[in-house]
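Hi,

Here is the structure I promised to pass on to you. Please have a look at it, and then read on for what turned up.

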Amino acid sequence: MARRDRRASLAYHAGFVGSSSKRRGKSRPLLVISNRLPVTLQRGSSGLERRRSTGGLVSALEPVLAKQGGTWVGWPGMKLREGETLSKPDDPYQMRTVELTDNEVNRYYHGFSNRTLWPLFHCMAERARFDRRDWETYEEVNARFAQAAAEASQTNGLTWVHDYHLTRTPLHLRRLRPETRIGYFLHIPFPPYDLFRLLPWDRDILRGLLAADLIGFHVHTYARNFLDCVELLLGARVDRASGLVEHGDRTVQVGVFPLGIDFALYDSQARRAPPEPHMRSEKIVLGVDRLDYTKGIPERIRAFERLLELHPEHREKVILLQIAVPSRFQVAEYQELKREIDEIVGRVNGRFATATWSPIQYLYRSVSPERLAAFYRDADVALVTPLRDGMNLVAKEYVASQVDDPGVLVLSRMAGAAFTMREALLVNPLNLDGTAEALHTALTMEEPARRDRMVALRARERRYDIDAWLQGFLEAARDKHAKLEPATDSDFQAWLGRFLAGHHLALFLDYDGTLTPLRRHPNEANLSSGMRKAITACARRSDTGVAIVSGRALTDVTKITGLKDLIYVGNHGLEIEGPELEPFQHPDLEHYQYRLPDLTHALESMCVPGAWVEGKRGSLTFHYREADRTQHESLAREARAHIQDAGFQARDAHCAVEARPPVGWDKGHAVLHVLRTAYGPSWSETVRTIYVGDDETDEDAFRVLSGLGITFRVGSADAPTRASHQLPNVARVQALLEWIAKREE
Ligand code: GDG
C-alpha cells in the first residue's frame with residue numbers, strides 16, 4: 001500500500017474558516033469542557049476504579065489534551081465521597097469535576113440532552129420529548145459547568161466547550177468572563193430550520209451558542225442549517241460565504257472542521273495487535289457502535305439478511321460481527337432497542353444457521369483497544385450504516401487500521417464522514433436492497449480495486465488527522481479580527497423593501513441607547529447632527545410618521561430631542577403628545593405623583609458616590625452606572641426593595657432600576673394607542689410599523705408588534721428578545737433611518 005502517498009488532495013477543508021492543516025506550533029494550555037470526563041469512575045472492592053469513557057468525543061479529545069496539556073472540566077459519572085479525588089499525580093492534564101445530583105442526571109443528562117436534543121438534532125423529531133423541567137435543570141447545570149470553567153480558567157488560553165449537552169454554557173461563561181475567548185464544537189448534526197424550530201427553546205439554544213467566538217461543525221450542511229436558524233429565528237445578519245454572524249454588537253465565526261482521528265496511533269495499533277481468535281476462516285463484515293437508535297443496527301442486520309437471501313453464495317462464507325457497546329441504558333428507548341436487536345439477531349441466526357456456521361456474532365460489550373485494532377485490521381468489510389451521524393469515527397478508524405490486505409468500507413451517506421470519504425461504497429441505510437448489493441460488491445471486489453479505494457481513503461485520513469483538526473480550530477479561534485461588514489442599504493432593502501412598498505410607515509424610535517449611545521448622565525445624551533438629520537429626513541416624508549418613545553419624562557425627551565412635528569411618548573408611555581394628536585396622560589399618574597417624595601427620599605438616602613435619583617412625573621429612575629462596579633448588585637437589590645415597598649413596580653434597565661406605577665400600561669400600550677388614534681382602528685391595514693429599541697422596556701413594544709410590524713433590538717443580543725431583527729449599534733440605526741428616508745416612494 002502506498003502508505004506515504006500524500007498526493008491525494010482535499011479541497012474540502014477549505015471551509016468557512018480553519019483551512020490550514022499546518023502542524024501545531026507552540027502549544028498553549030487548553031481548557032476543555034464537556035459533559036463527561038475522559039475517564040468514568042466505578043467503585044470496586046479496592047476503591048475507585050478509573051475506566052476510559054467510550055464514545056466519539058473522548059476518542060477525539062483525549063489525545064489532544066494528553067499531548068498538549070491543560071484542564072478538562074466534566075462530570076465523572078458518579079458521586080465522589082469526601083476526600084476522594086479523580087486525578088492521579090502522573091495525569092498529563094488536570095481534571096476538574098462537576099458534581100451532579102441524581103435529579104440533575106435524570107433531567108439534564110438523560111432528559112434534555114438525550115431525550116430532547118439528541119433525537120431532534122438527529123432529525124428524529126418523533127422521538128423527542130419536550131419537558132419544561134428538563135430544560136430548567138439543563139439551564140442550571142450548564143451554568144454550573146460555566147462556573148467551574150471560570151474558576152479553572154487560565155487567563156491567556158482558549159476555553160473550548162463541547163457538544164449538545166452544553167449549548168448554554170458559552171452564554172453563562174461569557175457573563176462570568178466577558179473577555180475570555182470561547183470556542184464551541186458540536187459533535188452531532190445540526191438539524192434543518194424546519195425541525196429545529198420544533199424546540200420550544202430554539203432561540204435560547206442559539207443565543208447560548210452565539211456567546212462563543214467560534215462555533216465549529218463537522219460539515220457544511222450542519223453549519224448552513226445553523227446559519228439558517230440564526231437568520232430566521234434571531235433575525236441576525238449572516239454571511240454564508242465567510243461564515244460570520246452579526247449577533248448584536250459582536251461578530252461570531254462559524255466554521256467547518258471535519259474531525260479526524262489519531263491516524264498514526266490506529267495504524268501502529270493495527271500493526272502490533274495479535275490475531276484475534278474470534279476471526280475465523282469466513283469473511284468478516286464488521287459493525288462497531290455504541291448501542292444507539294441513530295446507528296441503524298437493526299436496519300444493518302436486515303440488510304445483511306437480505307444479502308443472504310439475494311446472494312446465497314455468501315451463506316457459510318461470511319459472518320457479520322457486530323460489537324455494540326452498552327450506552328444510555330437508563331433511557332427506555334435504548335432498552336427497547338436492545339430487545340429489538342436481540343430478537344433480530346436470534347431470528348436471522350435461527351433462519352440461516354447451519355451446524356458449523358452462524359451468520360451473526362453479536363457482542364454486547366466494550367472491547368479493549370487492542371482487540372478492536374485486530375478486528376478492524378482483519379475485517380474484510382466495515383459496514384458503517386448510521387441513519388444519521390455527526391461524523392462517525394469508526395469509519396475512519398477502520399481505514400487507518402487497513403495495514404494488510406485492504407478491506408472495503410461500506411458507509412452510510414447519512415454520516416458526516418460520507419462528505420469526505422468518497423471512495424467508500426456509499427449507501428442509503430434505509431434501502432435494504434441497496435445496502436445488500438453494496439455489501440455484495442464489497443465482498444466480491446478484486447484486490448486492485450480495493451487497494452485503489454483504500455489508498456485514497458488512507459491518504460486523506462492521514463493528512464486530515466486529529467492534529468490538523470485541532471490546528472484548524474485553534475487557529476480560527478485565535479483570529480480576533482473576524483468582523484462582518486456593517487449592514488448596508490441592500491440589507492435594509494431585503495428586510496424592509498417589500499414590507500414597506502406602497503404603504504404609510506409609522507416609525508417608533510426609542511431614545512437612549514437607540515438614537516444616542518448611553519452616556520454617564522442622561523443630560524449628556526444628545527443627538528449627533530447626523531442622527532438629527534436622518535430623523536428629520538424621515539419625518540419630512542409625507543408617507544412617514546415618526547414617534548420618539550422614551551422612559552424619560554415627556555418634557556425631558558421632547559427637549560433633548562428638540563425636533564418639531566414628531567410624536568413624543570414619555571414616561572414609558574404614560575404621557576403622549578404630538579401634532580394632530582389629543583394629548584394623553586394616564587389617569588393614575590396624578591395618584592402616584594403624590595407617593596413619589598417618600599420613595600425619592602428613601603432612595604436618596606442609599607445613594608453612594610456615582611448613584612443618583614432621576615425624578616419624573618409619577619415615576620423615577622435610580623441610576624448607579626457611575627458607582628463602584630462591586631456595589632452594582634447590592635445597590636440594585638436594595639433599590640428594588642424600596643421601590644416595591646413604596647407600591648411601585650421595579651424594572652431593571654441599563655445600570656438603573658426604574659420605579660413605575662403598577663398600572664399595566666407600558667411602551668407597548670402606548671404604541672397601540674398612538675397607532676389607533678393617529679391612523680384609526682384599521683391601522684394595521686393601512687400602515688406599516690417599525691419599532692427600534694435597545695432595552696428591556698422596549699420588549700413590551702416588540703411583544704405587541706410581533707406579527708404586526710418589524711422590530712429591531714439594538715446592542716448586545718445575549719438577552720432574550722421578541723424583536724424580529726438585530727442592529728449592533730447606534731451608527732447602524734442611523735444608517736437604517738437614512739435608508740428609510742430615501743427609500744422609494
Ligand atoms: C459522537 C457523534 C462523532 C466503540 N466501541 C468500542 C470503542 N468504540 C469507540 C470507537 C469510536 C467511538 O467509540 C465511537 O465514535 P463515533 O464517532 O462512531 O460515534 P459517537 O460515540 O456517537 O460520537 C459522532 C463523534 O461524536 C466525534 O465527534 O463522530 O458522529 O455521534 O472512537 O472506536 N472503543 C473501544 N471498544 C469498543 O468496544 N475501545
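**What was found**

In the protein, residues 24 or more positions apart account for 72% of the contacts with a separation of 6 or more, where contact means heavy atoms within 4.5 Å.

A word on the ground rules. This is a predicted model, in which local features need pLDDT of at least 70 and side-chain atom pairs count only at pLDDT 80 or more, while totals for chains, interfaces and linings use all residues. Residues are numbered from 1 along each chain as its sequence is written, and side-chain values use heavy atoms, with hydrogens and water left out.

**Overall picture**

Along the principal axes, the C-alpha atoms fill a box of roughly 95 × 65 × 50 Å. Of the 745 residues, 61% are buried (under 20% relative accessible area; exposed is over 50% and partly exposed in between, with a 1.4 Å probe and protein chains only). There are 25 helices and 29 strands, taken as DSSP runs numbered from the N terminus (helices: H or I, at least four residues; strands: E, at least two).

The domain assignment, automatic or from a database, gives domain 1 (30–40 + 47–99 + 148–256), domain 2 (263–462), domain 3 (487–586 + 665–745) and domain 4 (588–663). The C-alpha centres of domain 2 and domain 3 lie 61 Å apart.

**The cavities**

Where does the largest cavity lie? Domain 3 and domain 4 both give residues to its lining, so the cavity lies between them. Strands β24 (620–623) and β26 (656–660) each supply at least two lining residues. The lining divides into five nonpolar, eight polar and 10 charged residues (nonpolar: Ala, Val, Leu, Ile, Met, Phe, Trp, Tyr, Cys and Pro; charged: Asp, Glu, Lys and Arg; polar: the others, Gly among them).

**Two backbone angles**

Histidine 572, in the loop between β20 (567–570) and β21 (575–578), has a positive phi near 55 degrees and is buried, with a relative accessible area of 2%. Glutamate 580 has a positive phi near 60 degrees, but is exposed at 86% relative accessible area.

Best wishes
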